[in-house]
Every structure is written in structure tokens, then in C-alpha cells.
Amino acid sequence: MSDGTSNCTTPSCPVGEANCPIIAELITLRELARTDGLTELFNQRHFRDALKQEMERTQRSHNPTSLMFVDLDFFKSVNDEHGHEVGNLALKHIAKLLIDNLRRLDIACRYGGEEFVVILPGTDLFTGRYVAERIRMRIQASPVHIKGGTLNLTASIGLDTYRSDSTESADEFIARADALLYKAKQTGRNKVVHGTTNFDALAQINQDEKDALAAAFSMPSKTPKPAKKTTKK
């Protein structure tokens, strides 16, 4: 996964030492400033900086950038029923799932609480929708192992794409994708709601193309089966 440092340079040691403790400390502080302490994903501050960079890249290269908001469903009940330690375990579980199932150039961040956001550079809405749906199914099929059983999670996802002909700001793009997440929450949860585009090509995609997409995002091409719900005795 991308380290999001395309515009960051390593500072030079003021005294010319090869292994400079001052520089090492500065690099550590820089990492702490942009990383979420619990999940070790990027934090919201870094997300906003990285999104602006990718939107500028889209304007230069004409390659689209997709944005995916992921919010865990009914997460308050997880904390209420199982405690915050289990809730934290679930958040770290989702963070690892995202890292394991995205490309190296994608930028996964914790947006706040139980909400995550992923920047998909060079990704159109058609491909982004495929990725979002795979992520949703992966979350549903990957229960969290806790003391005494398992915890099943689902997520709602909002997805949209920024194109080179767009004139909106980063805040406007964020609001657009976040509104789609809200719609997913309001219309049943555990679903992907995306922006509009021409999806006629969807019917034409063959298994080889699906496999190529799956390989690009480190996912199996076959749809995983949802996990069985545990029953309380």
C-alpha cells in the first residue's frame, strides 16, 4: 500500500552524520503525525493531504481518482454489548483486512470512529464499484474472533470518482462520497451506493477480466461466502 510520501523528502543531517539521530527522530515524528495510533492506518489529516495530491494528479494525467467511504454497521452495539476493547479489536481487524485486500498504491485511512476511507488512484467508477463490493463481501465473510466466539460485522460503503473535467474542491468531493455512504446507511446498510456512470460494460466483462481485477487488488476472483451468524445460548 502506498506510503503517501510522494511529496515528502528525507531531511539532511545538519552535522553530516550517516546515521543521524536527529533525522531519525524527525522521521518518527512525521510518521506519528500522519498515522492513526490504534489501526496504524493513515489518519484523517494525512488523508486530506493525500486526496488533494491525487486530485492534482488526476488533473495532470487525466486518470480518475475514486474515493470509498467504509462505515461499520451498528458498531455502537458492538461497544455496548462487548466493550470497547472488543470494539478496538474489530477496528484493527478491518484495518488489516483493508491493507491485505488493496493495491500498494491505494491509500487507506481511518476517518474517525468506525469510519474508514480509501483513496483509489487511477481507478474509474466501474473498477471502483467492483473493488468496493469485494471489500464489502470480504468484511461480511470475515468474522472477528473474540473470547467465547466470533463477532460478525457488515459495512456500508459510499463510492464516487473524481475526473479531470471536474472543478470541485477536495471538500466537495469528500462530501459527495460521504453523501453516498449516508444513502447506503439509510437504504438498508451492508451495501455499496455509488455515483453514476455508464455500466453497460458490466455485462461484457468476462472471467479473465474479473480475475485480472481481483489479482490487481489482491483478492480471490471467486465470491466469498458470508460467515454464518453465531447464535447465543
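**Exercise 1.** Which residues form one aromatic cluster?

*Solution.* The model is predicted. Begin with the pairs, of which the count comes to three. Phe47 and Tyr111 make an edge-to-face pair, with 5.8 Å centre to centre and 85 degrees between the planes. This pair links distant parts of the chain, since Phe47 lies in helix 2 and Tyr111 in strand 2 (residues 107-112), 64 residues apart. Next, Phe69 and Tyr111 also pair edge-to-face, at 5.1 Å centre to centre and 90 degrees between the planes. Here Phe69 belongs to strand 1 (residues 65-72) and Tyr111 to strand 2, 42 residues apart. Tyr111 is named in the pair with Phe47 and in the pair with Phe69. The cluster is formed by Phe47, Phe69 and Tyr111.

**Exercise 2.** Is Tyr111 buried or exposed?

*Solution.* Buried means under 20% relative accessible area. Tyr111 has 17% relative accessibility, so Tyr111 counts as buried. Phe47, at 0%, therefore counts as buried too. Phe69 is likewise buried.

**Exercise 3.** At roughly what angle do the axes of helix 2 and helix 6 cross, and which residues meet there?

*Solution.* The axes of helix 2 (residues 44-61) and helix 6 (residues 170-186) come within 10 Å and cross at roughly 105 degrees. Helix 2 is therefore roughly perpendicular to helix 6, because angles of 65 to 115 degrees count as such. On the helix 2 side, the contact holds Phe47, Arg48, Leu51, Lys52 and Met55. From helix 6 come Ala170, Asp171, Phe173 and Ile174. Sorted by type, the residues of this contact are six nonpolar, three charged and no polar.

Technical notes
Residues are numbered from 1 along each chain as its sequence is written. This is a predicted model: local features need pLDDT of at least 70, side-chain atom pairs count only at pLDDT 80 or more; totals for chains, interfaces and linings use all residues. Side-chain values use heavy atoms; hydrogens and water are left out. Axes are lines fitted to C-alpha atoms, for helices over the stretch in contact, and angles run from 0 to 180 degrees between N-to-C directions. Helices (H or I, at least four residues) and strands (E, at least two) are DSSP runs, numbered from the N terminus. Angles under 35 degrees count as roughly parallel, over 145 as roughly antiparallel, 65 to 115 as roughly perpendicular and the rest as oblique. Contact means heavy atoms within 4.5 Å. Ala, Val, Leu, Ile, Met, Phe, Trp, Tyr, Cys and Pro count as nonpolar, Asp, Glu, Lys and Arg as charged, and the others, Gly among them, as polar. Rings of Phe, Tyr and Trp (its six-membered ring) pair if their centres lie within 6.5 Å; planes under 30 degrees apart count as stacked, over 60 as edge-to-face and the rest as tilted. Buried means under 20% relative accessible area, exposed over 50%, partly exposed in between (1.4 Å probe, protein chains only).
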